[in-house]
Amino acid sequence: MDTSSLLIVCLGAFEGLEDIIRERIAGKSSIGFSTERPTELPEGNLLPYVTENDLHTYGISHEFLGRISLITHTDPLSLEDYNRILLQSEASPVYQYDRLLYKTQGVQVGITEEAAACMARQAMDSKEGARLLARTVTDLIQPELHTVAEDVSVDSIEIGCAEDNSLVAYQTHMGREDLWEDFCIGSPEMDSQTLSRVPLTCIRGRNGIVELAKGIKDASPRKVLLSEEETIATVYVLAAAIALQLMENDGKGMTMDHVAQMLDRFYDLDTRDMKYSCTHPLEHIGMEYLAEAEKHVQDWHDRIEDARQMLLDYCNAWLCSREQAEQ
């Protein structure tokens, strides 16, 4: 294997490493008289003064350290850094929700400067750092998503500060434009054409089926509009449709349109009646997945439309990626 272009980066928080550096610089305390005075400790972060011996004392072997050509550190994020992440960075969780919801629902997402400052202070005071920003934004936005799809008067979701300085998310109801251009539910004929252009390629086993179903879910922005339980149930419904479709003709010559047709057949399927005899292993797997879906939602039939739309999103992304590769 050619490793000439391989770069290996070792990362870690190294909790307790500063104590080792501090002990080395200042010297161990001794009992009795000594003519040597401890070295004065530098102010602030001590990680810039780390040495290979410090890392060895921390527990990393010399054999491993000898293969690391460069040792460096990162400085802790400042309050201004956290503010820039929220208000200016392309990776801002607020902007990510804004791009997604504006494209899919025509709803804008924003945050006030006061709320950004409050959230930045919380991240600064916590040990989670920037990860807390994404979790806090998600916790505030998720409850609002359930009404966005149904209430077309909602045109934006804003994150702000309440009178007690707690973070809140609220909706504005000014109505929104119909922005379903690139991301929409088309006619059944157009959807079928899109789905039939993407082959159904999957290993005929539990792991392969579930991995494909998860991949379909990951490619669809619609997953953020569902609760965690609804998303899990939708993945199981997709997996069941894939399993039962692979059973037909041994999965040869199948496309995602066949999976969509199987989903349509699910509307009339009652697992309690065991319409499928479960004589084929894939039948048994498919029924197991539907039973799993039923553990997460009251009626898994309600997730069929979500599964179908995720499948269409996946196919659109697959075709777009192939066209870009061909160019």
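Reader: How do you know which residues Ile242 touches?

Author: A contact means heavy atoms within 4.5 Å. By that test Ile242 touches Leu200, Cys202, Ile209, Leu212, Ala213, Ile216 and Val259, leaving aside residues up to four places away in sequence. This is a predicted model: local features need pLDDT of at least 70, side-chain atom pairs count only at pLDDT 80 or more, and totals for chains, interfaces and linings use all residues. Side-chain values use heavy atoms, without hydrogens or water.

Reader: What makes a nonpolar core, and which residues have the most contacts inside the largest one?

Author: A nonpolar core is a set of buried Ala, Val, Leu, Ile, Met, Phe, Trp, Tyr and Cys residues joined through side-chain atoms within 4.5 Å. Buried means under 20% relative accessible area (1.4 Å probe, protein chains only). The largest core has 46 residues, and Ile242, Met256 and Phe266 have the most contacts inside it. Helices H9, H10, H11, H12 and H13 each give two or more residues. H10 gives the most, with 12. Helices are DSSP runs of H or I, at least four residues; strands are runs of E, at least two.

Reader: Why are S2 and S3 called paired?

Author: Two strands pair if DSSP finds at least two bridges between them. S2 and S3 have six, in the antiparallel sense, so they count as paired. Ser156 stands opposite Thr172 in S3.

Reader: Which side chains of S3 are buried?

Author: Leu167, Ala169 and Gln171 point to one face and are buried.

How values were computed. Residues numbered from 1 in each chain as written. Buried < 20%, exposed > 50% of the residue type's maximum accessible area, 1.4 Å probe, protein only.
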